[in-house]
Amino acid sequence: MNRGMAVLVIQRIGAAILTLLLVSGIIFVITNLLPGDAAQAALGQSATAETVAALRHQFGLDQPPWLRYVHWLMALAHGDFGMSSSSNLPVAELIEGRLPKSLELAAITSLVSVPVAVTAGIVAAVNRETWLDRVISLGTLSLIATPEFLIATVAVLVLAVKLRWLSALSYGGEIHSLHDLLRAYAMPVMTLCAVVIAQMTRMTRAAVLEQLSASYVEMAILKGARPTRVILLHALPNAIGPIANAIALSLSYLLGGVIVVETIFNYPGLASLMVDAVSNRDLGLVQACTLLFCAGYLLLVLIADLCAIVSNPRLRT
């Protein structure tokens with residue numbers, strides 16, 4: 001790695017860290033604008049004023065917002081996410097039990113969606129303006145326009161209620177057989193893949209089409225190169241950066257779409273934990289979960305940016 005490229009990588013990482021810092025401030029402000037009192041919600045309506053005041057003091061809720069934000073940032077810098085006001089357990093412990101489940105769901109979705117979407121996008125670009133391209137484009141547009149909660153509802157009605165092939169709920173227990181795997185992941189993975197594949201396919205198609213219309217590809221065709229050689233050796237290597245961006249941006253949808261999917265299918269992941277925390281007004285847990293989702297999004301974008309820099313020499317200067 002040369003000096004210029006190292007500087008670019010450091011700049012990208014620094015920009016990601018700065019963005020995460022700004023996002024943390026926005027998260028803190030928004031969570032503190034939630035209606036209600038976190039201490040009152042944790043103790044219930046029958047709690048006395050003295051008990052509520054004591055709990056507010058215990059969690060630092062009686063301090064000025066700016067001071068609480070500084071204390072929160074300092075604790076995060078030391079790896080301390082604080083305590084949950086609703087369960088009185090460390091936030092890190094609650095996240096530790098749910099985060100692997102969400103990562104498993106995202107990993108399985110990625111393993112299914114990325115090969116299918118990239119292949120479909122390349123096929124559509126190579127066969128542009130044909131009936132195959134029109135079918136793929138129409139199908140992806142239809143899926144993008146359909147909300148994930150509607151796809152999940154239709155899947156439950158058809159596959160769980162009518163056909164009884166799959167369970168309507170996904171408990172995410174231990175996997176001992178193919179039946180356990182399908183019960184835990186089939187419905188949520190299918191719902192997430194529907195929109196992720198559609199978005200990724202269209203972005204991949206656009207990236208490959210841009211390279212196929214370039215002058216160096218036309219020159220290779222004029223020299224008599226076979227279409228397969230033109231695509232594999234000329235167009236695809238230069239489309240790696242845009243395709244990596246397409247994959248990263250599409251997979252970042254998982255960080256938002258998984259909230260709806262986990263809630264609908266009762267999947268015990270990080271998103272459903274955050275939804276419960278919002279209902280209980282557990283500010284520390286909400287802030288930690290939201291910050292993790294934002295960090296995951298920034299990490300995906302950073303990886304895509306670095307892939308583009310590595311694959312395209314023009315971006316290294």
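Predicted model: local features only at pLDDT ≥ 70, side-chain atom pairs only at ≥ 80, totals over all residues.

Trainee: Why is α5 called oblique to α6?

Mentor: Check the angle against the cut-offs. Over 145 degrees would be roughly antiparallel, and 65 to 115 would be roughly perpendicular. The crossing is at roughly 135°, so α5 counts as oblique to α6. The crossing of these two helices is also left-handed.

Trainee: Which residues make the contact between α5 and α6?

Mentor: On the α5 side you'll find Ala120, Val123 and Ala124, and on the α6 side Leu132, Asp133 and Ile136. Five of the contact residues are nonpolar, none is polar and one is charged.

Trainee: What about α7 and α8, at what angle do they pack?

Mentor: Helix α7 (residues 148-162) packs on helix α8 (residues 178-212) at about 135°, with the axes 9 Å apart. These two are therefore oblique to each other as well. Here the crossing is right-handed. From α7 come Glu148, Ile151, Ala152, Ala155, Val156, Leu159 and Ala160, and they meet Met187, Met190, Thr191, Ala194 and Val195 of α8. That contact divides into 10 nonpolar residues, one polar and one charged.

Trainee: Next label: how do you know that Trp72 is buried?

Mentor: Buried means under 20% relative accessible area. Trp72 has 9%, so Trp72 counts as buried.

Trainee: And what makes the pair of Tyr69 and Trp72 tilted?

Mentor: Two values matter, since a pair of aromatic rings is described by the distance of the centres and the angle of the planes. For a pair, the centres must lie within 6.5 Å, and for Tyr69 and Trp72 they are 6.2 Å apart. Under 30 degrees would be stacked and over 60 edge-to-face; the planes of these rings are at 50°, and that leaves tilted.

Trainee: Why are Tyr69 and Trp72 about one helical turn apart?

Mentor: Because they sit three residues apart in helix α4 (residues 65-77).

Trainee: Is Ala225 buried or exposed, or something in between?

Mentor: In between! Buried needs under 20% and exposed needs over 50%. Ala225 has 24%, so Ala225 is partly exposed. You'll find Ala225 in the loop between α9 (215-222) and α10 (227-264). Not counting residues up to four places away in sequence, Ala225 touches Ala220 and Val230.

Trainee: So what about Ser113, how do you know that Ser113 is buried?

Mentor: With a relative accessible area of 0%, Ser113 is under the 20% cut-off, so Ser113 is buried. Ser113 lies in helix α5. Leaving aside neighbours within four places in sequence, Ser113 is in contact with Cys193, Val196, Ile197, Met200 and Leu251.

Trainee: How many helices and strands does the whole protein have?

Mentor: The protein has 12 helices and zero strands. Of its 317 residues, 39% are buried.

Notes. Residues numbered from 1 in each chain as written. Heavy atoms only, no water. Axes fitted to C-alpha atoms, helices over the stretch in contact; angles between N-to-C directions. Helix = DSSP H or I, 4+ residues; strand = E, 2+ residues; numbered from the N terminus. Parallel < 35°, antiparallel > 145°, perpendicular 65-115°, else oblique. Left-handed = near helix turned anticlockwise from the far one by under 90°. Contact = heavy atoms within 4.5 Å. Nonpolar A, V, L, I, M, F, W, Y, C, P; charged D, E, K, R; others polar. Phe/Tyr/Trp six-rings, centres within 6.5 Å; stacked < 30°, edge-to-face > 60°. Buried < 20%, exposed > 50% of the residue type's maximum accessible area, 1.4 Å probe, protein only.
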